[in-house]
Amino acid sequence: MPIFHHAHRLSKQLGNGLITGAADDDPSGIATYSQAGAQFGNSMLWSLLFTAPLMIGIQMISARIGWFTGKGLAAAAHSVLPRWLVLTLVMLMVGANTLNIAADIAAMGEGLEMVVGGPEHGHALFFGILCAILPVWLSYEAMVRVLKWLTLALLAYVAVVMMLQVNWARALHDTVIPQFISTQDYWLMIVAVLGTTISPYLFFWQASQEAELRQQLNNQPIAQDPLFMREHLSRIRLDTVVGMLFSNGIAFCIMLATATTLHQNGITDIQTSRQAAEALRPIAGDFTFILFALGLIGTGMLAVPVLAGSAAYAVADIFQWRSGLNHRLTEARGFYAVLICATLVGTGIDFTALDPIKALLWSAITNGVVAVPIMVMMLWLGQRQEILGDYVLSWHHRTLGWLATLVMFFAVVAMVWSSLFSA
């Protein structure tokens, strides 16, 4: 019984960080990790071990900014930075998010079509409409509960790895000891993995969720109590650490599964999560194939509202609209208009000549490039006393944040250098 009591208590403390981390493993991310595992085998496993503490550090910064300011990231930045700069960064993120939504909706339709048959575009339309309706229909608390339950879908990829004959000694060796390949494709994939793992929309989502929670407590005296503030900081830390480790652990399982099966069998050209699932069937069996396909649906249902929601929060912050899932549609029309439009436009792309899957890798790379100035902006905000007061970033938060920023920067530089050199 004490075990269940502690598990229940832990589940109460997990929320925004867990959802943010799990949303990082969306169908487009699954495609990127699958492509990395199929193309390069175990030689990229080290990247996920390396990025885990960096991801924790940068998400902690975004959560602190949201909680202590009671504002989303764009609103906090807008108060001290030029409007045109913040607007440019937000619009780049919104564009990348929309392409991500298109790829995720398409993958969800394909996932259901692989399991039950029927028209994949019909399934995609159903999922697109459902993802547009749910955030409007459900309350903030109900939406958080739904998203928390959907994180369980990611355990399908743990089950996939458990069903395979993995050489764990070799996998551990390749994870701990980095292997570098001096090719353009390798560095392009590194940036794609980094852009998928450390994504700008995650910064905006977690900051906005913490800000929304703070706004709900602002009218209560306890919200100003120093002891309560420290306790909430501990909750943010636990929530973020668990969420990011969970995220990177699932990404590790996906990459390892495709490296163990597809790469070792000479299947190295995987462009979509559907191709990864279908390629697994003859190698790992029908049950593994079904688990992989069903995981696409669950992760997509988790990720699409986060992608659309982060875009809506950021745009609403820029134009100073009322925002938040705790408001009704009539109370925050602009916020919900952006959320619904981002979802439906992304869905609509699946019915055009533009192939969202081909744009997927470039969307991840765009995220990697755009993340650098956004991370610099976050670190600058986090060190300003007029923004965070007595809760400015500690030295270890700043160290992790700047390290994460430098890693992203040098990965992008290496990609560009490799591209120019090969040309």
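Visitor: Why does Ala277 count as buried?

Guide: Ala277 has 0% relative accessibility, and buried means under 20% relative accessible area, with exposed over 50% and partly exposed in between (1.4 Å probe, protein chains only). Ala277 is in helix H14, residues 273-284; helices (H or I, at least four residues) and strands (E, at least two) are DSSP runs numbered from the N terminus. Across to Leu291, 14 residues away in sequence, the C-alpha to C-alpha distance is 8.9 Å.

Visitor: What kind of model is this, and what ground rules apply?

Guide: It's a predicted model, where local features need pLDDT of at least 70 and side-chain atom pairs count only at pLDDT 80 or more, while totals for chains, interfaces and linings use all residues. Residues are numbered from 1 along each chain as its sequence is written, and side-chain values use heavy atoms, with hydrogens and water left out.

Visitor: Why is Ile290 called partly exposed?

Guide: Its relative accessibility is 34%, so Ile290 falls in the partly exposed class. Ile290 is in helix H15. The C-alpha atoms of Ile290 and Ala156 are 9.4 Å apart, although 134 residues separate them along the chain.

Visitor: And what makes Gln320 exposed?

Guide: Gln320 comes out at 66% relative accessibility, and therefore counts as exposed. Gln320 sits in the loop between H15 and H16, just after H15. Its phi is near 55°, which is positive in a residue other than glycine.

Visitor: How do you know that the length of H15 agrees with its residue count?

Guide: The expected span of a helix is 1.5 Å times one less than its number of residues. For the 34 residues of H15 that gives 50 Å, and the end C-alpha atoms are 50 Å apart, so the two agree. H15 also has a kink of about 25°, centred on Gly300; the bend at a residue is the angle between axes fitted to the seven residues ending there and the seven starting there.

Visitor: What makes H15 mostly covered?

Guide: The count does: 29 of the 34 residues in H15 are buried.

Visitor: How does H4 do on the span check?

Guide: H4 (residues 45-69) has 25 residues and should span 36 Å; its end C-alpha atoms lie 37 Å apart, so that agrees too. H4 bends by about 35° at Thr51, with a proline, Pro53, following within four residues. H4 is mostly covered, with 21 of its 25 residues buried, and the helix is followed by Gly70, whose positive phi is near 70°.

Visitor: What makes Trp205 and Tyr313 an edge-to-face pair?

Guide: Rings of Phe, Tyr and Trp (its six-membered ring) pair if their centres lie within 6.5 Å; planes under 30 degrees apart count as stacked, over 60 as edge-to-face and the rest as tilted. The whole structure has eight aromatic pairs. Trp205 and Tyr313 sit 6.0 Å centre to centre with 70° between the planes, and that makes the pair edge-to-face. Trp205 is in H12 and Tyr313 in H15, so the pair ties together parts 108 residues apart in sequence. Both Trp205 and Tyr313 are buried.

Visitor: Then why is the pair of Tyr313 and Phe335 called tilted?

Guide: Here the ring centres are 4.9 Å apart and the planes meet at 55°, so the pair is tilted. Phe335 lies in helix H16 (residues 333-349) and Tyr313 in H15, 22 residues apart. Ring pairs link Trp205, Tyr313, Phe335 and Tyr336 into a cluster. The buried residues of H16 include Phe335, Tyr336 and Leu339.

Visitor: What residue classes line the second largest pocket?

Guide: First, its volume is about 280 Å³. Its 16 lining residues include Lys71, Gly72, Ala75, Gln215 and Asp317, the closest to its centre. H5 (73-78), H12 (200-217) and H15 (286-319) each give two or more residues to the lining. H12 gives the most, with four. By class, the lining has five nonpolar, eight polar and three charged residues. A pocket is an open set of points on a 1 Å grid over the protein atoms alone where a 1.4 Å probe fits, with protein on both sides within 12 Å along at least five of seven lines, and lining residues have an atom within 4 Å of a point. Grid points are joined across faces, edges and corners, and the volume is the space filled by probe spheres set on them. Ala, Val, Leu, Ile, Met, Phe, Trp, Tyr, Cys and Pro count as nonpolar, Asp, Glu, Lys and Arg as charged, and the others, Gly among them, as polar.
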